[in-house]
Amino acid sequence: MASPAKDSYLTLSAPSQGEFKDRGSKFIAYAFPIENELDWPFYLEQIKKEHPKARHHCFAYRLGLDGNQFRANDDGEPSGTAGRPILGQIDSFGLTNVFVVVVRYFGGTLLGTSGLIQAYKTSTQYALEAGQQVEKIIGDNFKLIFDYGIMGELMNSLKKLNIDIVAQHFEDLPSVEIAIRKSEVPEKLLYLKAYLLKVSTEEAALVETVPGLHIEPAT
């Protein structure tokens with residue numbers, strides 16, 4: 001049996017910050033919620049402008065529901081000591097669509113491989129702990145074009161099913177745009193049809209259209 005489609009993810013609701021010090025070196029982590037690969041370069045550039053004298057600006061991000069889009073950059077630190085620990089913390093918190101950059105000011109004492117890994121890991125941890133997590137829902141939008149004669153029943157049915165109306169248009173052809181959580185689309189559209197036809201869901205499943213109603217994907 002196929003597993004249900006994943007239709008939500010955890011990310012940050014707003015930017016957050018954390019700081020860690022070790023033997024004179026200072027590590028300042030900045031975490032940002034992002035939507036796509038076009039977002040993170042802007043934040044990286046902003047942090048570089050804020051900290052032009054920092055020795056390193058190491059970063060990592062994870063994107064997408066499947067988490068297949070990611071990148072980890074050590075920015076001159078020994079391979080695997082910065083970007084990977086940063087990415088590891090993003091994953092440890094179960095987050096996606098998150099970009100973290102850690103600024104390092106060198107304190108004069110070499111920290112060694114384990115020291116660097118711990119520093120980048122801990123500063124990222126502090127930044128993510130300081131942030132507010134939010135669950136984002138992935139939904140499908142539909143446009144319902146209807147006759148005025150069924151408007152009252154349609155609106156009542158949408159309310160009963162807790163279907164969100166995101167836009168309404170009442171011109172020659174009245175319509176509403178609705179949003180439904182992706183995993184609930186087949187069930188909610190079936191119940192909507194059943195309510196309007198005043199039949200059982202089993203009977204509604206055998207009917208293709210509802211008189212006076214046209215449903216199409218919203219563009």
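Asn156 belongs to helix α4, which covers residues 151-160. Please keep in mind that this is a predicted model. For a sense of scale, the C-alpha atom of Asn156 is separated by 59 Å from that of Ala54, and the two residues are 102 apart along the chain.

Another residue of this helix range to look for is Lys160. The charged end of Lys160 sits over the ring of Tyr195, at 5.1 Å from the ring's centre.

## The aromatic rings

How many aromatic pairs does a search of the whole structure find? There are 10 of them. In one of these pairs, Phe32 and Tyr43 are stacked, with 4.2 Å from centre to centre and 15° between the planes. Phe32 lies in strand β3 and Tyr43 in helix α1 (residues 40-50), so this pair ties together parts that are 11 residues apart in sequence.

## Helix α2 and what follows

Now turn to α2, whose buried residues are Gly83, Pro85, Ile86, Leu87, Gln89 and Ile90. What do they pack against? Their partners are β4 (56-63), β5 (69-73), β6 and α3 (112-130).

Just after α2, Gly94 has a positive phi of about 70°.

Most residues other than glycine have a negative phi. Asn97 is not a glycine, yet its phi is positive, at about 55°. Arg23 is not a glycine either, and its phi is also positive, at about 50°.

Arg23 lies in the loop between β2 (16-22) and β3 (25-33).

## Ser175 in strand β10

Ser175 is part of strand β10, which spans residues 175-181. With a relative accessibility of 3%, Ser175 counts as buried. Leaving aside residues up to four places away in sequence, Ser175 touches Lys143, Leu144, Ile145, Phe146, Ala167, Gln168 and His169.

Methods. Residues are numbered from 1 along each chain as its sequence is written. This is a predicted model: local features need pLDDT of at least 70, side-chain atom pairs count only at pLDDT 80 or more; totals for chains, interfaces and linings use all residues. Side-chain values use heavy atoms; hydrogens and water are left out. Helices (H or I, at least four residues) and strands (E, at least two) are DSSP runs, numbered from the N terminus. Buried means under 20% relative accessible area, exposed over 50%, partly exposed in between (1.4 Å probe, protein chains only). Contact means heavy atoms within 4.5 Å. Rings of Phe, Tyr and Trp (its six-membered ring) pair if their centres lie within 6.5 Å; planes under 30 degrees apart count as stacked, over 60 as edge-to-face and the rest as tilted. A charge sits over a ring if NZ of Lys or CZ of Arg is within 6 Å of the ring centre and within 35 degrees of the ring normal.
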